[in-house]
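Subject: Handing over a structure

Dear colleague,

I am passing on a structure to you, with the sequence and the coordinates shown just below. Please look through it first, and then read on for what was found in it.

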Amino acid sequence: MAVHSDSASSGKKSSNGLNELLTFNAENMQSNMKIIYYSRTFLSIIGGVVAGILGFTGLKGFVFYLLLMALTSLGLVAKAGFSTHTYFDSWNRVLLDGFLGGLMSFVLFWTFAYDIVHIF
Amino acid sequence: MGLGFVVGFIGLLILFHAAYSTIQYRGLLKITEEEFSGPPLNVVIEVTLGLVLCMWAALTVPGKFLSIHPDSEENRIVSLPANLDFMIFNHRYKVFPVELDVKLKH
């Protein structure tokens, strides 16, 4: 029986290069992802209410949403102390994950707030 | 975390107040029959303030980030359980490279 002594493949997740994270604490990783998800969802809802109050229509609202998500990414990176490798295994997780997940909530609360403030 | 909730609640209250004053502003525009070109300046300031407070609350209320390195300070298991019969030490982790700078701390 051949024995593989390749240590890079025996971890839960591995990446070669300068950041040799052979294995990581998956439970903490999941908890961190949940925190990002909650933050983004809440801010999508708040952003929808703000866009409705300010009377954005059409493309301006979606641009506002993109700006808001970019600000959220910046805030999350700042919360992680600018050293995301301590809390996540790749940049994409904190910068891009959940970017479009809050879009539906944003549009819902945007139309809701716009109707209440500007139409009724 | 209680502070985060309070800050978020205050941010929401400010947003509701801004919405109410925008509704009143629109009522005024209907009376004077002008077009709605943009919210008044105080509404914009209020909304920005409410957004900043809610953003701060959204980043602090869900909880702290936990480190995912297995050898970081907060992930240490420093106490041996009383029942040593079930602790084994010849598991698969022995294929990992040896780190010679791990210190023993109380």
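This is a predicted model: local features need pLDDT of at least 70, side-chain atom pairs count only at pLDDT 80 or more; totals for chains, interfaces and linings use all residues.

Residues are numbered from 1 along each chain as its sequence is written, chains are lettered from A and ligands numbered from 1 in the order in which they are written, and side-chain values use heavy atoms, with hydrogens and water left out.

Confidence comes next. The predictor gives the complex an ipTM of 0.75 and a pTM of 0.76. For single residues the score is pLDDT, the predictor's confidence in each residue, on a scale from 0 to 100. Chain A has a mean pLDDT of 78, with 82% of its residues at 70 or more, and over residues 1-19 of chain A the pLDDT is below 50, although this stretch has 25 contacts in the model beyond near neighbours in sequence. A contact here means heavy atoms within 4.5 Å. For chain B the mean pLDDT is 81, and 81% of the residues reach 70 or more.

Now to chain A, which has four helices and zero strands; both are DSSP runs numbered from the N terminus, with helices (H or I) of at least four residues and strands (E) of at least two. Within this chain, confidence is lowest in helix 3 (residues 91-95), at a mean of 75, and highest in helix 4 (residues 103-119), at 91. Of the 120 residues in chain A, 40% are buried, and among its contacts with a separation of 6 or more, 70% are between residues 24 or more positions apart.

N28(A) is found in helix 1, which covers residues 26-54, and N28(A) counts as buried because its relative accessibility is 9%. E27(A) also lies in helix 1 of chain A, but E27(A) is exposed, since its relative accessible area is 60%. The C-alpha atoms of N28(A) and Y114(A), which are 86 residues apart along the chain, are separated by 39 Å, while those of E27(A) and W91(A), 64 residues apart along the chain, are separated by 18 Å.

Chain B has two helices and zero strands, and buried residues make up 30% of its 106 residues. T22(B) has its place in helix 1 (residues 2-32) of chain B. Is T22(B) buried or exposed? T22(B) counts as buried, because its relative accessibility is 0%. Leaving aside neighbours within four places in sequence, T22(B) is in contact with I53(A), V117(A), H118(A) and V43(B). Further along, L84(B) lies in the segment after helix 2 (41-60) of chain B, and L84(B) counts as partly exposed because its relative accessibility is 46%. The C-alpha atoms of L84(B) and E46(B), 38 residues apart along the chain, are separated by 61 Å.

An unreviewed UniProt entry annotates residues 45-66 of chain B as "transmembrane region"; UniProt positions are given in the numbering used here, feature names are shortened, and annotations may be inferred rather than shown by experiment. Over residues 45-66 of chain B the model is 73% helix and 0% strand, with the end C-alpha atoms 35 Å apart.

Finally, the structure holds one cavity of 30 Å³ or more. A cavity is a set of points, on a 1 Å grid over the protein atoms alone, where a 1.4 Å probe fits but cannot get out, and lining residues have an atom within 4 Å of a point. The largest cavity has a volume of about 40 Å³, a volume being the space filled by probe spheres set on the points, which are joined across faces, edges and corners. Its lining is formed by Y37(A), R40(A), T41(A), G98(A), G101(A) and G102(A).

With best wishes

Note on methods:
On a 1 Å grid over the protein atoms alone, a cavity is a set of points where a 1.4 Å probe fits but cannot get out, and a pocket is an open set with protein on both sides within 12 Å along at least five of seven lines; lining residues have an atom within 4 Å of a point. Buried means under 20% relative accessible area, exposed over 50%, partly exposed in between (1.4 Å probe, protein chains only).
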